[in-house]
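Trainee: I'd like to learn to read a structure feature by feature. Can we start with a strand pair?

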Amino acid sequence: MQTAGDQMVQGTFDDLGTALADVTFVVVDLETTGGSPADSAITEIGAVKVRAGEVLGEFQTLVNPHLPIPPFIQSLTGITTAMVADAPRIEAALPAFLEFARGAVLVAHNAGFDIGFLKMAARQQGIEWPRHAVLDTVHLARQLVSRDEARNHKLSTLAALFGATTTPDHRALHDAQATVDVLHALIGRVGSLGVHTLEELSSYTSRVSPAQRRKRWLADGLPELPGVYLFKDGDGRVLYVGTSINIRTRVRSYFTASEQRTRMAEMVRLAESVTPVVCATTLEAEVRELRLIAEHKPRYNRRSKTPERATWVKLTVEAFPRLSIVREVRGDGARYIGPFGSRGSAEAAVAAVHEVIPLRQCVQRLSPTRRVGSCALADMGRCGAPCTGAQSVEEYAAVVQDAVHALAGDSRDVVTALRTRMGSLADQERFEDAGTLRDRMLALVRGMARAQRIAPLAASREIVAARSAPAGGWEVIVVRHGRLAASTVSPRGADPMPYVDAVRTSAEVVLPAPWPSPAAIPEETEKILRWLETPGVRIVDLDGEWTCPVGGAGGARAELEPQVVARHAVAGFVAAS
C-alpha cells in the first residue's frame, strides 16, 4: 500500500514477524526544487543506514536538477543553483542511493513526498523500483504523540521533543539524522505497547488496543498451509470461521491494523484459542468453511451464516397443480426449481411465471368433481378457472406441461413472452410496471439457470476431476451427488493416477438427496460447479450425466443480466432486446 501525504507507505513483507533488532533501516530525506515530482526535481539526497540502534553508514550527495532552483527554495535550504552546477545528475545519484539502500526498509518523515520523488526519478530513468517496505515516521507520530506533548508533528517539533542529537535544517543528511532519532524514540514507545516486529510496526495504529496486540500469541504454532481456522472462546464455543491460503499469516493479521472491522476487534478480545483445519486444496477449505459455519452458527460470521437454508419453487402434485414456495425438496414426485437465494427472489420468479402462464394462484386444494366460486383472476382472464369446472383436468394439464417445459427445459418461450409483455408495458409508458416485470424475469431466469446447473451434478453418482496445482502437480477432487467427498494433491512430476485411485477409495460415501436437491448445502454445490467450470479442469471420470438443456435458462441469463446490471432505462432496454 502506498499513499501520499502523512500516510504510511507499506510494502510487502515475505517474512512476517521479523524482530526489529534484525531489520536494517535506511532513513532518507530529499531536498527538491518544488512540491510535486511531476514538475520538480531532486537537488539533494541524504540517508542514514541503521540496525539495532547502530549507525552502519551514511549517504549524501547534491544532485544537479537541470533547472533553476526557485529563490524561496534557495533561502529555505541554502542550496543554490551554483552549488549544484557541478553535482552529479540524477542518472548517477539514484543508482548509487539504491545500491546503498539495497535490502533495507526505507524510512522517511512524510514518506509519500520523498518516495514519490524517488519513484518518479526511477521511472524517468527506466529503472525498476525495488520492492522496498516503507515506514513513515509522521504516521507513527500521529498515533503515538498527542497534542498535549507537541503542537504538531513536524520533524523539527519531534526532534526537539525527543532530544535529537541533530537539529533539522532542511539539508538532506541533517534531516535524515534527526529522523533516525525520532524513529528510535517512536520504536521505544511502541515497544512498551507490545510491538516488537517489523510487521507490527509497519501496520501500527492506535486503533488496535494493546490487549488486542497481546493476543497475537494465538497464531503461534499455526501451520503456514491452506485451510480453515476457528476462533474459539474460553468455553470452546466457535466465535468465527475463516479460510486462507496461509492459516498462520491470516490469523496474525487479526492483531494488526490490517484488520479494521470493529466486530473483529471484539471477537479477538473474546477469543482464547484458534483451531486450524489444514486442507489439501483451496476448494476443500472453502467447503469446510461453509459446513463449519452451518454447524456452529458463529456469532461473528455475517456472510453465509446460514448457508444450509434454501428456498425452492415447487409445482405441486394434484389434479390442478400450482406453484408453491417451500424450504426443502421431498421425494414426492413434484417438480422443483431452485434453490433461490431468498424467499423474495422465489416470490418474484413465481410472479413472472404467472405473468405468462395461466396457472392457478389460489392455495386451496381443488377437486375435479367439487365446484367452487371463481376468483378475480378468472374474471380477468388470468386463470382458466378449473375451480368452477370451466377448465377440465386434461385442459389444465396442457397449461401445466407448458410450465414444466419452461421451468425444467427450454426457457425461450417464457422469456420471449415476458419480454413482449415488458415491451407492451413500456409502450404504454408504464415504466415502473415494466421495471418490476424485468426484475421478476431476471429472478426467474436466475433460478431456472441455477436449477439446470445443479440438478445434473446432484444426480451424478461420482465425478472425479483434476486441474493443475499452483505449485505443480494436480489438484484432484471427488464429487458425489453434488457433495465434495474428498480432495488431494499429487506432487509435481508424479503419476497422478495412483493418487486418483487412493482418493476415490477413501472418499466419503454419499447417499443421494431427493432430486433435484444435491446431497450438500446448495452453496457448496455452487462452489464445486465454479471450480469444475474453471479453465484447465479435466474430467477424469464421470458416473452420471452432466448436461444442460438446449435453450436452457443459462443462455437467457447471460443475455439479460448485463443489461439489468447496467440499469438501462426500461424503454431503451426493451428496444435493445
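Trainee: Which residue in β14 is the bridge partner of E475?

Mentor: Strands pair if DSSP finds at least two bridges between them. Here E475 has V489 in β14 as its bridge partner. Strand β13 (residues 474-480) joins β14 over seven bridges, in the antiparallel sense. Strands are DSSP runs of E, at least two residues long, and helices are runs of H or I, at least four long, all numbered from the N terminus.

Trainee: What should I know about the model itself?

Mentor: It is a predicted model: local features need pLDDT of at least 70, side-chain atom pairs count only at pLDDT 80 or more, and totals for chains, interfaces and linings use all residues. Residues are numbered from 1 along each chain as its sequence is written, and side-chain values use heavy atoms, with hydrogens and water left out.

Trainee: In what order do the four strands of the open sheet run?

Mentor: The order is β14-β13-β12-β15, with antiparallel pairing. β14 (483-490) and β15 (538-543) are the edge strands, each pairing on one side only. On average, neighbouring strands here are turned by 15 degrees against each other, direction ignored.

Trainee: Which helix lies across β12, β13, β14 and β15?

Mentor: Helix α17 (residues 497-506) does, running at about 150 degrees to β14. Angles run from 0 to 180 degrees between N-to-C directions, and axes are lines fitted to C-alpha atoms, for helices over the stretch in contact. Contact means heavy atoms within 4.5 Å.

Trainee: At what angle do α16 and α18 pack?

Mentor: About 85 degrees, with the axes of α16 (residues 431-459) and α18 (residues 522-532) 10 Å apart. The two helices are therefore roughly perpendicular; that label covers 65 to 115 degrees, while under 35 is roughly parallel, over 145 roughly antiparallel and the rest oblique. R450, R453, I454 and L457 of α16 meet α18 residues including P522, I528 and L532. The contact divides into six nonpolar, one polar and four charged residues. Nonpolar means Ala, Val, Leu, Ile, Met, Phe, Trp, Tyr, Cys and Pro; charged means Asp, Glu, Lys and Arg; the others, Gly among them, are polar.

Trainee: Which residue in β10 stands opposite V313?

Mentor: I325 does. Helix α12 (residues 343-356) packs on this sheet and touches β9, β10 and β11. The direction of α12 makes about 175 degrees with that of β10.

Trainee: How much space lies in the largest pocket?

Mentor: A pocket is an open set of points on a 1 Å grid over the protein atoms alone, where a 1.4 Å probe fits, with protein on both sides within 12 Å along at least five of seven lines; lining residues have an atom within 4 Å of a point. The largest pocket holds about 650 Å³, counted as space filled by probe spheres set on points joined across faces, edges and corners. Its lining has 26 residues, with H109, N110, L155, H170 and D175 nearest the centre. β1 gives the most, four residues. By class, the lining has seven nonpolar, 10 polar and nine charged residues.
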